[in-house]
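I opened my notebook for a friendly walk through this structure. Here is the model I was looking at.

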Amino acid sequence: MSKTLEALAVTKPFAPLVQLVEKANWLVQMVAQPSFAQLVLRVGLAVPFWRSGILKWDGFLQLSDTAVELFSSEFMLHLPGGPYPYPAPAVMAFLSGSGEVVFSTLLVLGLATRFAATGLLIMTAVVELTVPDGWPVHITWVAMALGIMAWGPGRLSLDYLVRRVLGMDTPFRSPPPATPAEDQA
């Protein structure tokens, strides 16, 4: 008996199970469309930063006293030999609040998406230095930011729309730079 016939003889009793697994796999793929997954990643990363950022403001470009107080007395940088207080607490509170609101808004809109994800990745590193025990949450933020940076905003984004309008149908992922050997060939 050939290997193909043997394989068919073995799989025939399992054919209904195999079909069920294939249908379930197809259903999962239909629910988890890449563009939808990218949108959920962007929103999932934006929400905690938006919520934190919005609490730092009392009005348009007016920091709350609580935000400045947190950076003055509560928040500390946990570096070797530390913890150390934040330098220029009012400036740090302003930058933090601005970054959290602006980057998370850009992420949700899918505009300058990779830039916004990079900004939130850097902010996550600073948050980790401030609250080192929060690493289980911070590592999920890092994973989401890296995913957005690697695979871009997806089709459900303003970045995608702008590229289409400008006739830039090239993929979001840039090719690697040419090596010197490739340039000479």
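**Starting point.** I am working with a predicted model, so I read every value as computed from it.

**Core.** I looked up the largest nonpolar core and found 14 residues in it. Leu45, Phe49, Leu107 and Leu120 are the ones with the most contacts inside that core. Helices α3, α5, α6 and α7 each supply at least two of its residues. I also noted a second, separate core of eight residues, with Trp57, Phe71, Leu77 and Val101 among them.

**Phe49.** Which residues does Phe49 touch, leaving aside those up to four places away in sequence? I listed Glu100, Ser104, Leu120, Met123, Thr124 and Trp141.

**Helix α7.** I checked the length of α7, residues 135-151. Its 17 residues should span 24 Å at 1.5 Å a residue, and the end C-alpha atoms are 24 Å apart, so the two agree. The buried residues of α7 are His138, Trp141, Met144, Ala145, Gly147 and Ile148. I found them packing against α3 (34-54), α5 and α6. After α7 comes Gly152, with a positive phi near 80°.

**Surface.** I then turned to a nonpolar surface patch of about 700 Å². Leu109, Leu111, Leu158, Leu161, Val162, Val165, Leu166 and Met168 make it up. Helix α8 (residues 158-165) gives the largest share, four residues.

**Leu111.** I placed Leu111 in the loop between α5 (89-109) and α6 (113-130). Its relative accessible area is 33%, so I marked Leu111 as partly exposed.

How values were computed. Residues are numbered from 1 along each chain as its sequence is written. This is a predicted model: local features need pLDDT of at least 70, side-chain atom pairs count only at pLDDT 80 or more; totals for chains, interfaces and linings use all residues. Side-chain values use heavy atoms; hydrogens and water are left out. Patches are made of residues with over 30% relative accessible area and no salt bridge: like charges are joined within 9 Å, nonpolar side chains (Val, Leu, Ile, Met, Phe, Trp, Tyr) within 5 Å. Accessible areas come from the Shrake-Rupley method with a 1.4 Å probe; for residues, only the protein chains shown count as cover. A salt bridge is a side-chain nitrogen of Lys or Arg within 4 Å of a carboxyl oxygen of Asp or Glu. Buried means under 20% relative accessible area, exposed over 50%, partly exposed in between (1.4 Å probe, protein chains only). The expected span of a helix is 1.5 Å times one less than its number of residues. Contact means heavy atoms within 4.5 Å. A nonpolar core is a set of buried Ala, Val, Leu, Ile, Met, Phe, Trp, Tyr and Cys residues joined through side-chain atoms within 4.5 Å.
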